[in-house]
Amino acid sequence: MLSLIEGYRRFRETAYREHRALYEALVARGQSPRAMVIGCSDSRVDPAILFGTEPGEIFVVRNVANLVPPFAQSGNYHGTSAALEFAVRSLEVEHVIVLGHARCGGIAALLNNFAGLGSDFIRPWMQIAAPAREKAVDQSRKAGADAQRCCEHEAIKVSLGNLQSFPWIAERVRAGKLQLHGWYFDLETGELLQLRDEHFQPV
Ligand SMILES: [Zn+2]
């Protein structure tokens, strides 16, 4: 824990001091990020570090395997959907980026049937990506594709599809006010890929 406090002190002395005017402006007029990032909770894929953003630049929600659930108004707790609603309806972001990554533990758990994992919450949560698992298993059987990577890619596509199930997202996309993106960070090579025409390609 000590290293976190030390890190904070360094931040206070350097970055906070350097960005003092920016923080004051963000306090005075509030935040107005233009993009929302839905990333994985994985400690290796921090969007702010990856994209070198300044405070106030991106609105981020992180969860297990960067998944977007389908639109559902049941009485349960919808953390990711609540963040989406705030970013899209209140902050009016112009871009929503689903940011997947290589070596995702959540995706690996889904592929390995949650072996050795507690599954109070992870198993039902990961069911969002069940169609991605099916495709990945199929692709690896038929074409020898890397099931993990394939599932990581397909899960981003599932989340992009689910984004469209939110009526106020679909409406803004149709009106040209909002763009949805699928990105993938390859931890192993440091490469960032972008979904274009159903394929992930280097940016
Ligand atoms: Zn992950």
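Tutor: The model is a predicted one, and its largest nonpolar core has 26 residues. Within that core, the residues with the most contacts are Leu67, Ile107, Met126, Ala129 and Cys151. Several elements each supply at least two residues of this core, namely the strands β1 (35-40), β3 (95-101) and β4 (179-186) together with the helices α6 (105-111), α8 (130-143) and α9 (147-163). Taking Leu67 as an example, and leaving aside residues up to four places away in sequence, one finds that Leu67 touches Ile38, Thr80, Trp125, Met126, Ile128, Ala129, Ala155 and Ser159. Apart from this core lies another, of 24 residues, which includes Leu84, Leu163, Tyr184 and Phe200. As a general background, nonpolar side chains in soluble globular proteins tend to be buried together.

Now to the helix pair. The axes of α5 (residues 79-90) and α10 (residues 167-174) come within 10 Å and cross at roughly 35°, and the crossing of these two helices is left-handed. On the α5 side the contact is made by Ser81, Leu84, Glu85, Val88 and Arg89, while α10 contributes Trp168, Ile169 and Arg172. Sorted by class, the contact between α5 and α10 has four nonpolar, one polar and three charged residues.

Definitions and conventions
Residues numbered from 1 in each chain as written. Predicted model: local features only at pLDDT ≥ 70, side-chain atom pairs only at ≥ 80, totals over all residues. Heavy atoms only, no water. Core = buried A, V, L, I, M, F, W, Y, C linked by side-chain atoms within 4.5 Å. Buried < 20%, exposed > 50% of the residue type's maximum accessible area, 1.4 Å probe, protein only. Helix = DSSP H or I, 4+ residues; strand = E, 2+ residues; numbered from the N terminus. Contact = heavy atoms within 4.5 Å. Axes fitted to C-alpha atoms, helices over the stretch in contact; angles between N-to-C directions. Left-handed = near helix turned anticlockwise from the far one by under 90°. Nonpolar A, V, L, I, M, F, W, Y, C, P; charged D, E, K, R; others polar.
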